[in-house]
Amino acid sequence: MNKKYIVMDVDTGCDDSMALMLAKSCPDIEILALTCVFGNNDVNTTTENTLKVAKMLGINAPVGKGAQKPLIDPPLQADGLGIAIHGKDGLGNVGGRLKKTEENLSDLTAVDLMAKVIKDAPEKVTVVATGPLTNIATFLVSYPELQEKIEQIALMGGAAYGGNLTFNVEANTGHDPEASAIVFMSGVKKVMFGLDATMAVYITNRERQLLAENGGEVGVFLKDCLQAYADTYKALANYSGAVLHDSLPLAWLIDESCVQLKDAYVEIDLNGAVSRGCTVADFMGICQKPRNTKIAMRADREKIIKMHTEGVKAFADVKI
């Protein structure tokens, strides 16, 4: 496996934390920077959480604070489910166990930090986005000359069918539809890991216990971080565990066989009365436009969960 250089743009909550663990556990992935955006919580909280979790995991990459609001309009349901599902602190109400730190906080904004590390990277960079796409869109508009240095944008967001912000809009694309439209209209290669695949990747109570058994204090923290998250999924949809949406792009980077992709033309609905922010996918070529996105349609839950329960072993001796 060749070295893969990544920038992770995150709104660190429970599933972002698992994605960060997965990325750090893979020796063939090098995290060049972490950039933070509003989403699961306000950007001050997501930045603080990112710094805490990165410190716990030994991720020494610089952290940049980014957008605190969408490009144009306020996000839909800004005070609703998106925040509550991750607990009041965004980390399942156990974030207080981790020490606050600003050790790796960059003086650069998220967008400028992204530009710096992408420009200086020895090879093309994959941008992994697990929150609203505001930072990514701003980067693409502000630094068009650097688009050629992006290998791909692997984003957790959207859905070919259904939604979780509304009945047909996924939260990350719905929280900033204009930013999402800029990203999907760009010429950069895009791989969309939306609800079609992510909803199948849940971690059961027994599998969360394996995190604790295999990962020492880090594993215990991650298990407990996911408890409130799992409880919410149980109450809302009778799910058997916490859904690890944000891990899917990383799992695919580690082992492409764990996800099935399908090519489609994707456009963001900006005008719909009940579908603003929807990722409208044309698989059949009806609109006669070039297919611009690979969409994850299925995921191998067992394989992906095993990546986590095995990957956490890398942190078994870490004290937090």
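**Entry 1: the largest pocket**

I began with the lining of the largest pocket, which by class has twelve nonpolar, nine polar and five charged residues. For these classes I counted Ala, Val, Leu, Ile, Met, Phe, Trp, Tyr, Cys and Pro as nonpolar, Asp, Glu, Lys and Arg as charged, and the others, Gly among them, as polar. The model is a predicted one, in which local features need pLDDT of at least 70 and side-chain atom pairs count only at pLDDT 80 or more, while totals for chains, interfaces and linings use all residues. Residues are numbered from 1 along each chain as its sequence is written, and side-chain values use heavy atoms, with hydrogens and water left out.

I noted about 440 Å³ of space in the largest pocket. Of its 26 lining residues, Ile 85, Asn 164, Ala 171, Tyr 233 and His 245 are the closest to its centre. The elements giving two or more residues to this lining are H1, helix H3 (81–84), helix H6 (171–174) and helix H9 (205–237). H9 supplies the largest share of the lining, four residues.

My terms: on a 1 Å grid over the protein atoms alone, a pocket is an open set of points with protein on both sides within 12 Å along at least five of seven lines, a cavity is a set of points where a 1.4 Å probe fits but cannot get out, and lining residues have an atom within 4 Å of a point. Grid points are joined across faces, edges and corners, and a volume is the space filled by probe spheres set on the points. Helices (H or I, at least four residues) and strands (E, at least two) are DSSP runs, numbered from the N terminus.

**Entry 2: the second largest pocket**

Next I looked up the second largest pocket, with a volume of about 190 Å³. It is lined by 14 residues, and the closest to its centre are Lys 3, Lys 4, Thr 126, Glu 151 and Gln 152. E1, strand E4 (125–129), E5 and helix H10 (248–254) each supply at least two lining residues. By class I found four nonpolar, three polar and seven charged residues here.

**Entry 3: the cavity**

I found one cavity of 30 Å³ or more, and the largest cavity has a volume of about 50 Å³. Its lining consists of Leu 51, Ala 54, Lys 55, Ile 59, Val 63, Thr 101, Glu 103 and Asn 104. Helix H2 (residues 43–57) gives the most to this lining, with three residues. Four of the lining residues are nonpolar, two polar and two charged.

**Entry 4: the sheet**

In what order do the strands of the open sheet run? I read nine strands in the order E3-E2-E1-E4-E5-E6-E11-E9-E10, with mixed pairing. Strand E3 (63–65) and strand E10 (279–282) are at the edges with a single partner strand each, so one side of each has no neighbour in the sheet. Neighbouring strands are turned by 30 degrees against each other on average, direction ignored. Two strands pair if DSSP finds at least two bridges between them.

At one end of that order, three bridges join strand E2 (residues 29–36) to E3, and the two run parallel. Thr 35 stands opposite Gly 64 in E3.

**Entry 5: helices on the sheet**

Helix H1 (residues 14–25) lies across strand E1 (4–10) and E2, running at about 165 degrees to E1. Helix H7 (residues 177–185) lies across strand E5 (150–156), strand E6 (190–193), strand E9 (259–268), E10 and strand E11 (293–299), at about 115 degrees to E9. Axes are lines fitted to C-alpha atoms, for helices over the stretch in contact, and angles run from 0 to 180 degrees between N-to-C directions. Contact means heavy atoms within 4.5 Å.

Seven of the nine residues of H7 are buried, so the helix is largely enclosed by the rest of the structure. I listed them as Pro 177, Glu 178, Ala 179, Ser 180, Ala 181, Val 183 and Phe 184. Buried means under 20% relative accessible area, exposed over 50%, and partly exposed in between (1.4 Å probe, protein chains only).

**Entry 6: loop residues**

Most residues other than glycine have a negative phi. Asn 93 lies in the loop between H3 and helix H4 (110–120) and is partly exposed, at 49% relative accessible area. Asn 238 also has a positive phi, about 55 degrees. Asn 238 sits in the loop between H9 and strand E8 (241–243) and counts as exposed at 54% relative accessibility.

My last stop was Val 274, in the loop between E9 and E10. Is Val 274 buried or exposed? Val 274 is exposed, with a relative accessible area of 53%. Not counting residues up to four places away in sequence, Val 274 touches Thr 166, Phe 167, Asn 168 and Val 169.
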